Structures are given as C-alpha cells and as structure tokens.
Amino acid sequence: KVARTCSAKLFLKKRHFPALNDSNPYLQMLAEGGYIVEEVARQRYPEGIEVDHSQSTENAIQLTGKLLDEAVGKDITLFEPTFIWNNLLVRVDIFRRLGPSIELIEVKSKSWETGGSEKNGSFQTDKGSIYSDWKSYVDDIAFQTLVLEQLFPEYAIIPYLLMPDKAKTASESLEFKNFKLTRHVEKRHGKSFVHCKVEYLGKPLGEKASDFLTLVNASEAIDVVRESILVDSQIFADSLTPLKQIASPLGSQCFKCEFRLRKEGDGFSHCWGSRALVQPHIADMYRAGQIMDVDALVKNGLTDIRELTNDDLTTKKGGVGEWNIRRRIQRDYTQSQEEWISEEMADAVSNHQYPHHFIDFEATRIAVPYHAGMRPYQQVAFQWSCHTIWEKGGQLEHNEWINTKDYFPNFEFA
C-alpha cells in the first residue's frame, strides 16, 4: 500500500528509516480506534478463530494452513489468517469460508454513510474512477483479493470493507466504555512499536443484534484497479530480493513525505540529496504544491525560499494572485529575518468593541460512540474556557466548564 503512494517509500520502510508517523500521538490515537472497531467487527462472528502471529510470520502461515486443513468441507471463520503467494504476503482481518465462496472482510475505521452522497456513499466517481479518499483502501483490499484468488481458484472470492456507518447508532452494549485497550511497546530496529490488544467487556450481542458497522461489497471498485495492482505488486516484490530502490520522480508530491524529518540522514535527504537540507526549504512555503512550475524549480535545484523570484511567484496568466502575495511576504520576511504583522491588524483590534471574549473549546469525535444512541464520528463537545475583558484596561474574568460525568454533554455545553 505504501509503495503505491511512492515506490521509494517501500525501500525507505524496509531500510527502517525513521518516519514522522512513528511517534505521532494523533495517528496513534486513530490506530487505537481502529483496533476497537476491529473488535466490534469480531463480535459479529463469535465462531471466529484468531490466528496467533506473535511468534513469526512463517508460524502464522503454517497455523493458517493447519486450521483450514482441519476444517476441510466445513465452514470456517478466521481472524487475521496469513497467506503468501509468489512472495506476496497478506494478513486478512476476517476470512470466512462459506460453502463455495470465501468472504474477505477488511475492517476499516474510515467512516461510511449508507444513503450518503458522493464520497460517503460510493468508492467511485460518476466516471468510474476511484475517489482519491478511497484509493488506498481499495488498493489494500484489491491486493488481498488477487492473492486469495491465486491461492483458492476453486472458490468465489467476495471482497468487503466493513466500516463504521454514520447512518447507524450504537447500542448500549457497544459504547466506548465497554472496550478495554492494553498497549504493549516493543523495540525493533531502534524503533518503538506499539501493539494493542482490545478486550470486549459488554454483553454478547446475540444472533440478531446489530452494530454500527456496515458491510460494503468492493468488487466493482477492485475491477477498476485490478490490472495495475497485479503489475505493481510484482514490481514491488521483485525490488525486495535483493532490496533495491525503484526510481521515483522528485517533486511537490514529496513535500508532505512522512520520511522528511528535516535532518541529515533522513529518508527525504536520501532521495533529494543536497536539495533536501536547504533551509528555509521550498516545501515549507505557503501552499507549496500549487506554486507555478514548482516541479521544474525542484528539478533545476531551486529549493531555497529566499532564491525565488517574483517571476517564480506568479499565476499562469502572469498576475500575482492572493496566494502569491502571501508567498512573497513569506520570502521577503524570511530574507530579512523579521516577523510580519499586517498593517490592518491594529485597526481591526482598535475598532473591536468591548467586551472582548477569548474563547477556547475542546471537542472530540471518534469511530466508536461514547454513548448509546450516538452515531460513529458524532462530535462530542466536552470543555470550554472563556476569558473576558469588560472594558479597556480591565482585568481578565475567567469562566470555564468541563464534563466530568458519563453522559452525552453537548446540551449542557451549549
């Protein structure tokens, strides 16, 4: 999946270059939410057997084969079985062999909305292409589908994405408090990896109970990317033995690379060489990816903000435009090493009538609802703080509120 976004990232990942994602607390929080969603999904299939992959990948592959062999002629549901074909390795979230078919279920914490419009209700645009927001998810399950089709040609492989549905609400049994998450930190290759184990503490859902997830067939979307996935996966696999970097063009698509740590020896400088460590870097300019001919500037070695000319910071029609006004300010004040304060700021502040209220509030929205009756990713506002100055020269007056009780707080917040 990472190689489909940039082929060079596969090499950097296998060489264990550090990445911003390694220690990003926000991404870790999202990942932990994904573990809980996966446990919700497992509650749908109480007959499921978890395949142990704590020892090694090879052991997980052997155990998967053993469990399937022992259930020949029978239906079976496996959690995280591991398969390999032609050096292509997949671990399936939920694998269900049911008669002549195999359900391949990939659990995702990304939201879906049954009956929703555009991206929330379809993987594909009106023209048949995959929405960019869904591309990595479709690529992921397409790759797994292709591998299983090779390993089980006698079965019909039916691929699904199982996701939180914003059109559904949570029952009392599936409130957030009914899931216990335990973290285990493991050191490998100088990095810390956090493994999470989720335990469901609620009541059994029962055969006819419903959750807030929706099963969406991804067959049509997979057909759109099938051929390119098959070709690319073999190219990527061939680059692993022996490990070699696949050539990838440099340009604005690299500006948000997770391997850009802004220090010598990082993955970004491995690809960009001397052009990577220039400070201040063009990648840090306002809306850098939309600078006219930015890829040509990079190719010609111009990556220092201070060296950009006004001709570089114009629109295609030769004008300046709002974004380039902002970029020129950034360049000029970077050159002079001064802070920039808008001349309009003083007037805006002085004309503001008292009282002055300085308000801050906090809210959250996660995949697994906090309370029964809530929808996935429904916003919960749980804290506010307000500092008020009633008159010029007056003292700050502070008021605050925070939810400390186990109930839906939005109405009291308001």
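Begin by selecting Lys110 and Trp134: Lys110 lies over the face of Trp134, at 4.7 Å from the ring centre. Please keep in mind throughout that this is a predicted model.

Select Arg260 and Phe268; the charged end of Arg260 sits over the ring of Phe268, and the distance to the ring centre is 5.4 Å.

**Rings that meet rings**

How many aromatic pairs does a search of the whole structure find? The search finds 15 aromatic pairs. A pair of aromatic rings is described by the distance of the centres and the angle of the planes.

Trp112 and Phe123 are each placed in the loop between strand S6 (101-107) and helix H5 (132-151), so the pair ties together parts that are 11 residues apart in sequence. Are these residues buried or exposed? Both Trp112 and Phe123 are buried.

Now turn to Phe361 and Phe413, an aromatic pair that is edge-to-face. The centres of Phe361 and Phe413 are 6.2 Å apart, and the planes make an angle of 70°. Because Phe361 belongs to strand S11 (residues 356-364) and Phe413 to helix H11 (residues 410-413), this pair ties together parts that are 52 residues apart in sequence. Phe361 is partly exposed, with a relative accessible area of 49%. Phe413 is partly exposed as well, with a relative accessible area of 22%.

To see a cluster of rings, select Phe83, Phe95, Phe152 and Tyr155 together; ring pairs link these four residues.

Glu103 is found in strand S6. Its relative accessible area is 15%, so Glu103 is buried, the cut-off being under 20%.

Next, select Thr77, which has its place in strand S2 (residues 76-79). Thr77 counts as buried, at 3% relative accessibility. Not counting residues up to four places away in sequence, Thr77 touches Tyr45, Glu47, Gly48, Ile49, Ile94, Phe95 and Arg96. For one of these residues, Glu47, a distance may be displayed: the C-alpha atoms of Thr77 and Glu47 are separated by 6.7 Å, although the two residues are 30 residues apart along the chain.

**Salt bridges**

Charged side chains are the next topic. The structure holds 21 salt bridges.

Select Glu50 and Lys197, whose side chains meet in a salt bridge of 3.4 Å, N to O. Why does this pair tie together parts that are 147 residues apart in sequence? The reason is that Glu50 lies in strand S1 (residues 49-50), whereas Lys197 lies in strand S9 (residues 191-200). Glu50 counts as partly exposed, at 38% relative accessibility.

Move on to Glu70 and Lys66, where the side chains meet in a salt bridge of 2.6 Å, N to O. Where do the two residues lie? Both lie in helix H4 (residues 57-70), four residues apart, which is about one turn of the helix. Lys66 counts as partly exposed, at 47% relative accessibility.

Now select Lys108 and Glu106. These residues form a salt bridge, and the closest N and O atoms are 3.1 Å apart. Lys108 is buried, with a relative accessible area of 10%. Glu106 also counts as buried, at 6% relative accessibility.

Four residues may then be selected together: Arg4, Lys135, Asp139 and Asp232 are linked in a network of salt bridges.

Is Val349 buried or partly exposed? Val349 is partly exposed, with a relative accessible area of 49%.

Key:
Residues numbered from 1 in each chain as written. Predicted model: local features only at pLDDT ≥ 70, side-chain atom pairs only at ≥ 80, totals over all residues. Heavy atoms only, no water. Phe/Tyr/Trp six-rings, centres within 6.5 Å; stacked < 30°, edge-to-face > 60°. Buried < 20%, exposed > 50% of the residue type's maximum accessible area, 1.4 Å probe, protein only. Lys NZ or Arg CZ within 6 Å of the ring centre and 35° of its normal. Contact = heavy atoms within 4.5 Å.
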